[in-house]
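The sequence and the structure come first.

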Amino acid sequence: MSQLKIENLHVAIEGKEILKGVSLEINTNEIHAIMGPNGNGKSTLLSAIMGHPKYEITEGTITFNGEDLLSMSVDERARAGLFLGMQYPQEVSGVTNSDFLKAALNSRRETPIPLFSFIRLMEKAIKDLQMKSDMAHRYVNDGFSGGEKKRNEILQMMLLQPKIAMLDEIDSGLDVDALKIVANVVNDMVTKSDVGMMIVSHYERFFHLIIPTHTHILIDGRIVMSSDASLVNRIDTEGYDWIAKETGIDIIKEETVRPVVGSIGACAANEPRGSKNA
Amino acid sequence: MREVTLDLKSHQSLTLANDALTSISYTVEGESNLTIIAPKRTTGSVFLTISGNGTLNLRVAIEDDAQWSMLIMNQSEQQLDINEAFSLHRNATLQLAIGELSLGSHQKNTIYHLLAEGADLNVRGASLIQSKLKASYSALHYKGQTSAQIDNYSIVLKGCEYTLDIIGNIHKAARGAKTHQISRVMNFDEKPKTSVNPKLIIDENDVEASHAASVGQPDLNQVYYLQSRGLSRSESLKLITLGYLLPIIEVIDNEAIKERLSQEITKKVSESCLM
């Protein structure tokens with residue numbers, strides 16, 4: 001039984017406050033859907049929990065099984081049992097998926113995983129996710145399509161067996177069939193292993209495949225409403241404006257400048273920093 | 001594929017056997033000349049390791065319609081200057097990987113001569129700079145329909161120096177030539193002594209030419225991504241570094257050599273101070 005407890009969390013990026021007092025409790029076997037308009041703090045919440053160095057915690061606490069998560073480094077949080085399936089998974093050219101995953105698994109073990117056991121684990125995950133068999137030998141996310149990158153995140157989650165898994169718009173870039181495959185894997189994990197989930201998504205169809213036990217609406221850095229799965233359906237038909245009206249909180253309009261997720265500043269190979277609509 | 005193993009030093013001239021993997025262990029003694037010839041219509045691989053100190057003048061000729069892959073590992077831990085000239089003749093292709101992973105202080109001057117139509121060169125260089133490297137790579141296109149892709153991936157450790165001049169030169173009458181370069185340098189020093197100077201000299205129309213160069217610290221987003229899967233910061237940096245270096249071994253189609261080199265490179269990276 002694991003518990004992630006967030007209390008009065010305030011988070012700023014470059015001096016600008018994004019989260020303005022978020023409190024949440026996620027336990028094993030719970031699936032929490034985090035919904036809300038773009039640019040209102042959903043991804044910030046997940047990245048801050050994982051410990052991205054750009055996000056400054058200005059107030060509040062996060063504990064994981066009673067331990068102070070904020071005093072842990074990113075890798076310590078991962079080894080403690082946290083996982084974040086990212087919206088924009090990084091490419092790491094030259095490093096094969098299998099070397100990367102072996103290193104990630106071994107970081108949690110006293111002795112390295114036997115090669116045969118690793119291959120068996122990897123092959124099963126690749127089969128379950130209906131991925132191409134060569135993906136173990138390809139460089140991490142390098143040249144992957146959007147859908148392949150997202151499946152690769154889920155593959156990592158399957159192998160690393162986290163206690164609390166956070167998925168940040170993992171459904172974007174997936175076609176309908178892939179969405180079902182990913183949803184089956186997530187549901188299977190929740191049923192068969194002791195894991196709690198926090199899932200950020202815009203699309204109600206994902207939450208028809210993975211039924212949340214809790215639904216939270218995040219607007220302007222605050223959770224303004226929490227309920228069960230029924231809230232998902234209302235958002236689907238009516239959008240967010242009614243929530244803004246009921247709560248009196250203004251929805252933040254999304255900025256067009258995205259954080260740069262490319263590699264080191266290539267002058268000709270990558271997009272310029274802060275490029276609009278990158 | 002047959003395997004040929006040779007142990008050579010000082011002045012040597014070698015004609016490569018067709019359809020073979022030739023492994024050469026070469027020791028430089030003072031001023032040394034090594035000439036390697038891939039005859040017409042031959043195919044195969046060369047794995048050349050270089051040690052010793054002094055000056056090596058390396059000449060490689062890939063003759064008409066020959067198709068070769070070559071991996072050169074500089075393992076000299078001493079002072080070594082290397083002058084290299086690669087000549088690619090009509091329809092010759094060369095897949096070349098170059099590893100500079102030693103502790104030695106080195107100077108390199110490399111010229112690729114693309115002499116006739118159909119000459120096709122593909123280079124991937126990997127350098128772990130642990131003292132000082134001054135390198136210059138020039139692709140000279142004398143004729144049309146020649147092609148050169150030169151990619152360099154370098155890691156510069158703290159307190160080390162790196163200068164890379166990389167030149168694509170398309171001569172008059174080399175219509176349809178293609179010359180491309182990618183240079184990526186990752187510095188582990190906050191005040192690095194690194195200089196990357198790409199240059200394109202074009203004297204003909206109807207050609208393709210490009211260069212991309214990046215010099216920077218390890219990418220924080222990549223480090224964060226790897227750490228978020230449980231790898232420590234130091235393990236993450238090692239893996240990113242290996243990602244720069246390990247792809248050179250792919251040029252040799254021999255699993256035993258690949259495995260040995262992979263272990264050697266991994267060991268070198270593990271022993272170096274990346275933090």
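## Helix packing in chain A

The axes of α5(A) and helix α6 (residues 176-192) of chain A come within 11 Å and cross at roughly 10°. Axes here are lines fitted to C-alpha atoms, for helices over the stretch in contact, and angles run from 0 to 180 degrees between N-to-C directions. Helices (H or I, at least four residues) and strands (E, at least two) are DSSP runs, numbered from the N terminus. The model is predicted: local features need pLDDT of at least 70, side-chain atom pairs count only at pLDDT 80 or more, and totals for chains, interfaces and linings use all residues. Residues are numbered from 1 along each chain as its sequence is written, while chains are lettered from A and ligands numbered from 1 in the order in which they are written.

α5(A) and α6(A) are therefore roughly parallel to each other; angles under 35 degrees count as roughly parallel, over 145 as roughly antiparallel, 65 to 115 as roughly perpendicular and the rest as oblique. On the side of α5(A), A:Gly147, A:Arg151, A:Ile154 and A:Met158 meet A:Ala178, A:Val182, A:Val185 and A:Met189 of α6(A). Two residues are in contact if their C-beta atoms, placed from the backbone, lie within 7 Å.

Helix α4 (residues 115-128) of chain A also packs on α5(A), at an angle of about 135°. This pair is therefore oblique. A:Leu121, A:Ala125 and A:Ile126 of α4(A) make the contact with A:Leu155, A:Met158 and A:Leu159 of α5(A).

The table sets out the residue classes; Ala, Val, Leu, Ile, Met, Phe, Trp, Tyr, Cys and Pro count as nonpolar, Asp, Glu, Lys and Arg as charged, and the others, Gly among them, as polar.

| α5(A) with α6(A) | six residues | one residue | one residue |

## Contact between the chains

In all, 28 residues of chain A are in contact with 28 residues of chain B. On the chain A side, α2 (74-80), β7 (92-96), α3 (97-106) and α5 (146-160) each supply at least two residues. That side divides into 17 nonpolar, eight polar and three charged residues.

## A residue of the core

A:Ile199 is among the residues with the most contacts inside the largest nonpolar core. Leaving aside neighbours within four places in sequence, A:Ile199 is in contact with A:Ile31, A:His32, A:Ala33, A:Ile34, A:Leu167 and A:Ile210. A nonpolar core is a set of buried (20 or more other C-beta atoms within 10 Å of the residue's own) Ala, Val, Leu, Ile, Met, Phe, Trp, Tyr and Cys residues joined through C-beta atoms within 7 Å.

Key:
A residue is buried if 20 or more other C-beta atoms lie within 10 Å of its own, exposed if 12 or fewer, and partly exposed in between; C-beta atoms are placed from the backbone.
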